[in-house]
Amino acid sequence: MNNVLEIAMASATFGLIMGGIIGSPVAQRLVDKNGLKSQYGNSNRTHDQFPELVTYNENEEDSVTSKKMIESLFMILICVTGAKYLEIWVNGFEIKWLMIPDFVYALFIGVLITNTLEVTKVKKLDIETIDVLGTVSLALFLAMALMSLKLWNILDLAIPFLIILMVQSAMLAIFAYVVTFRVMGKDYDAAVISSGHCGFGLGATPTAVMNMGSVVNRFGPSPQGFMVVPIVGAFFIDIVNLIILQATLSIFG
């Protein structure tokens, strides 16, 4: 197929947009219908009572500083550089069926660093700063990628393509509203996680974080939601996708 890149990027862009559009309304409906509330209350001064709590509320005092930004960038550079060396080391074993993208190595190193620092208490990473960097990086990536696309090459597929994507968006919204909310416990955190599921189910983890951020701005903090969704959306899902793709290529390739 000649226009695979254009179709893939158009799908990704559509997913990022729709994931951001449907996430907050799903959570709003769940919160209003079930009368849900955050256990930390609904205030723009949550840090006064819970100073260690990461609220992700843009109306709270700004905790992102230049020092935290430099420290977070240093940690990200360690992950990126370490991923190259780890990939070379793994490829040295010459395992033919093991084809892992280099970004997965970076994710693995990031998880290792985060958990090591958390256990040893040597240094506390600032999650809000890292999320800001992630959001900026995603925006820059999309801008650079979309500038080189030739979307007119897929005009003949526009209508069926749009129908498929709209059906997918509707199905995910229903799944998040009915299944995700119930499986996650039918509480306030479950509603926030449902909005995040819409974000990374159609788009990416930064979209999920922005969805959840808009919800907590209105209804109060949800630390559990911000712990579960980034771990699943940015790490576990990539591992599962890798296994499924490798298995599919091995069977049908």
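The legends below describe an overall view and several close-up views of a predicted model.

**Figure 1. Overall view of the chain and its nine helices.** The chain holds nine helices and zero strands, where helices (H or I, at least four residues) and strands (E, at least two) are DSSP runs, numbered from the N terminus. Read along the sequence, the pattern is α-α-α-α-α-α-α-α-α. Of the 253 residues in the chain, 36% are buried; buried means under 20% relative accessible area, exposed means over 50%, and partly exposed lies in between (1.4 Å probe, protein chains only). The chain exposes about 15500 Å², of which carbon and sulfur atoms supply 69%; accessible areas come from the Shrake-Rupley method with a 1.4 Å probe, and for residues only the protein chains shown count as cover. Among contacts between residues at least 6 apart in sequence, 72% join residues at least 24 apart, a contact being heavy atoms within 4.5 Å. Residues are numbered from 1 along each chain as its sequence is written, and side-chain values use heavy atoms, with hydrogens and water left out. Because the model is predicted, local features need pLDDT of at least 70 and side-chain atom pairs count only at pLDDT 80 or more, whereas totals for chains, interfaces and linings use all residues.

**Figure 2. Helix H6 and its kink at Ala176.** Helix H6 covers residues 158-183. Its 26 residues should span 38 Å at 1.5 Å a residue, and its end C-alpha atoms are 36 Å apart, which agrees; the expected span is 1.5 Å times one less than the number of residues. A kink of about 40° is centred on Ala176, the bend at a residue being the angle between axes fitted to the seven residues ending there and the seven starting there. The buried residues of H6 are Phe161, Leu165, Ser169, Leu172, Ala173, Ala176, Thr180 and Phe181. These buried residues pack against helix H1 (4-34) and H7. Just after H6, Gly185 takes a positive phi of about 120°.

Figure 3. With a relative accessible area of 0%, Ser194 is buried. Not counting residues up to four places away in sequence, Ser194 touches Val26, Leu30, Ala176, Thr180 and Phe181. Ala176, Thr180 and Phe181 are also among the buried residues of H6.

**Figure 4. A network of salt bridges joining Lys67, Glu71 and Lys123.** Side chains of opposite charge can pair when their charged atoms come close. A salt bridge is a side-chain nitrogen of Lys or Arg within 4 Å of a carboxyl oxygen of Asp or Glu, and by this rule the count comes to two. In one of them, the side chains of Lys67 and Glu71 meet at 3.3 Å, N to O. Both residues belong to helix H3 (residues 66-91) and are four residues apart, about one turn of the helix. Lys67 is exposed, with a relative accessible area of 57%, whereas Glu71 is partly exposed at 27% relative accessibility. The side chains of Glu71 and Lys123 also form a salt bridge, at 3.1 Å, N to O. This pair links distant parts of the chain, 52 residues apart: Glu71 is in helix H3, and Lys123 is in the loop between helix H4 (102-120) and helix H5 (127-147). Lys123 is partly exposed, with a relative accessible area of 34%.

**Figure 5. Helix H4 and its packing against H3 and H9.** H4 has 19 residues and reaches 27 Å from its first C-alpha to its last, close to the 27 Å expected at 1.5 Å a residue. Its buried residues are Val104, Tyr105, Ala106, Ile109, Gly110, Ile113 and Leu117. They pack against H3 and helix H9 (223-252). Lys121 follows H4 and has a positive phi, near 60°.

**Figure 6. The aromatic pair of Trp89 and Phe93.** Rings of Phe, Tyr and Trp (its six-membered ring) pair if their centres lie within 6.5 Å; planes under 30 degrees apart count as stacked, over 60 as edge-to-face and the rest as tilted. By this rule there is one aromatic pair. The ring centres of Trp89 and Phe93 are 5.1 Å apart and their planes stand at 85°, so the pair is edge-to-face. Trp89 is exposed, with a relative accessible area of 54%.
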